[in-house]
Amino acid sequence: MTKVNKSSLEFFFDGVSRTEVIDIEELKSFLIEVLEEEGCELDVNCIFTTDIALQKLNKDFRNIDKTTDVLSFPWKDDEELLGEIYVSIPQVLRQAPDFAATPKQEIQRVCLHGALHLLGYDHIEENDRKIMEPKEESYLKRKIY
């Protein structure tokens, strides 16, 4: 069964407050545009959370015992939900200067990165990286901030 509606995106805040560095409506519009341009009509949940939560997920699912900025979890058995993107707000705020980005720009980048992973793109292998990175850069040229 194929969903006929367009993609939807829901945001949740777990252990962090809704911060002024996130413009939910602009971020939502940007990410839905990406999903639909990629031919996706499934829903995505984006959970903004803490370093501790991302560290636990990273350890449980990737056997890496440290925090990270973003993790994506595809939902293969759901006909409406593509998956979930988890973002550590503290990590994103710390690393924004490393990318010469504002906090809003870095949140946009990591959310896009997570969405591309949900869509099946990867960057571990060189051949995959040659596909994913230009796609990410192309979308980021449409910066919303």
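R109 is buried, at 16% relative accessibility, in this predicted model. The R109 side chain meets that of E136 in a salt bridge, and both residues belong to a network of salt bridges that also takes in D69 and E106. The points below cover that network, two further salt bridges and the nonpolar cores.

- Between R109 and E136 the N to O distance is 3.8 Å.
- The two residues come from distant parts of the chain, with R109 in helix 4 and E136 in helix 5, 27 residues apart.
- E136 has a relative accessible area of 9%, and because the cut-off for buried is under 20%, E136 counts as buried.
- R109 falls under that cut-off as well, at 16%.
- D69, E106, R109 and E136 are the residues linked in the network.

**Other salt bridges**
- A search of the whole structure gives 10 salt bridges.
- One of them joins E37 to R142, with the closest N and O atoms 2.9 Å apart.
- This pair also connects distant parts of the chain: E37 lies in helix 1 and R142 in the segment after helix 5, 105 residues apart.
- E37 is partly exposed at 46% relative accessibility, and R142 is partly exposed at 31%.
- R129 and E126 form another salt bridge, and their closest N and O atoms are 2.3 Å apart.
- Both R129 and E126 sit in helix 5, three residues apart, which is about one turn of the helix.
- R129 has a relative accessible area of 26% and is partly exposed; E126, at 42% relative accessibility, is also partly exposed.

**Nonpolar cores**
- The largest nonpolar core contains 33 residues, and F48, V87 and I107 have the most contacts inside it.
- At least two residues of this core come from each of strand 1 (9-13), strand 2 (43-49) and strand 4 (81-88).

**Contacts of I107**
- Neighbours within four places in sequence are left aside here; beyond them, I107 is in contact with V21, I22, L27, F48, I89 and V92.
- F48, one of these partners of I107, is also among the residues with the most contacts inside the largest core.

Note on methods. Residues are numbered from 1 along each chain as its sequence is written. This is a predicted model: local features need pLDDT of at least 70, side-chain atom pairs count only at pLDDT 80 or more; totals for chains, interfaces and linings use all residues. Side-chain values use heavy atoms; hydrogens and water are left out. A nonpolar core is a set of buried Ala, Val, Leu, Ile, Met, Phe, Trp, Tyr and Cys residues joined through side-chain atoms within 4.5 Å. Buried means under 20% relative accessible area, exposed over 50%, partly exposed in between (1.4 Å probe, protein chains only). Helices (H or I, at least four residues) and strands (E, at least two) are DSSP runs, numbered from the N terminus. Contact means heavy atoms within 4.5 Å. A salt bridge is a side-chain nitrogen of Lys or Arg within 4 Å of a carboxyl oxygen of Asp or Glu.
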